[in-house]
Amino acid sequence: MSRLLIVHHTPSPALQELLEAARSGASTDEVKGVEVVTRPALGASVTDVLEADAILLGTPANIGYMSGALKHFFDVVYYPCLEAKPRLPYGLYVHGSNDTAGAVRAVESIAGAMGWRAVHPPVSVTGPLTKPALEACWELGALLAAEIGELA
Ligand SMILES: Cc1cc2nc3c(=O)[nH]c(=O)nc-3n(C[C@H](O)[C@H](O)[C@H](O)COP(=O)(O)O)c2cc1C
């Protein structure tokens, strides 16, 4: 059984909806052999990452950056996981009120430094949620699951 780890900071209903969409995609019946583990960014551990075969990151944009919670996650796991998970497949969704560019850039920078491999361009959502935005998060989760599981 492969493991897909979702690490998220979810401080609002909009982010909760995006998380649920991503988790639903990650758990799609179309992919077999994947266990989905969900951790809030402030509670995710080094062991969570070491045991993961893929990782899905979710954050709001905060002051032009990723959330402090997701930054804390990277502070915790960066060195312990630096050489342990080369080319770990990852995906990212970001929600902001009007500009997610700084948050996306920051996550891509640190994930790249860790040697992780994006399986899809980041899903960037601004303002009120739309059906396409939720579908994009669903697809991101499903794509990551398909990367490490078997198509049913
Ligand atoms: C302290 C703080 C800083 C924020 N900074 C940004 C920002 O730089 N860019 C942006 O687009 N949104 C920013 N936001 C908005 C959040 O990203 C947004 O509130 C979050 O994605 C949840 O969306 P919602 O409030 O519509 O539920 C910020 C919000 C807070 C509380």
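This report walks through a helix, a histidine and a helix pair in the predicted model above.

Residues are numbered from 1 along each chain as its sequence is written, and side-chain values use heavy atoms, with hydrogens and water left out. Because this is a predicted model, local features need pLDDT of at least 70 and side-chain atom pairs count only at pLDDT 80 or more, while totals for chains, interfaces and linings use all residues.

Let's start with the helices, which are DSSP runs of H or I with at least four residues; strands are E runs of at least two, and both are numbered from the N terminus.

| Helix | Residues |
|---|---|
| Helix 1 | residues 13-26 |
| Helix 4 | residues 101-113 |
| Helix 5 | residues 131-148 |

Just after helix 4 comes glycine 115, with a positive phi of about 85°.

Now to histidine 8, which sits in strand 1 (residues 2-8). Why is histidine 8 counted as buried? Its relative accessibility is 10%, so histidine 8 qualifies. Leaving aside neighbours within four places in sequence, histidine 8 is in contact (heavy atoms within 4.5 Å) with residues including Leu19, Arg39 and Tyr93.

How values were computed. The expected span of a helix is 1.5 Å times one less than its number of residues. Buried means under 20% relative accessible area, exposed over 50%, partly exposed in between (1.4 Å probe, protein chains only). Axes are lines fitted to C-alpha atoms, for helices over the stretch in contact, and angles run from 0 to 180 degrees between N-to-C directions.
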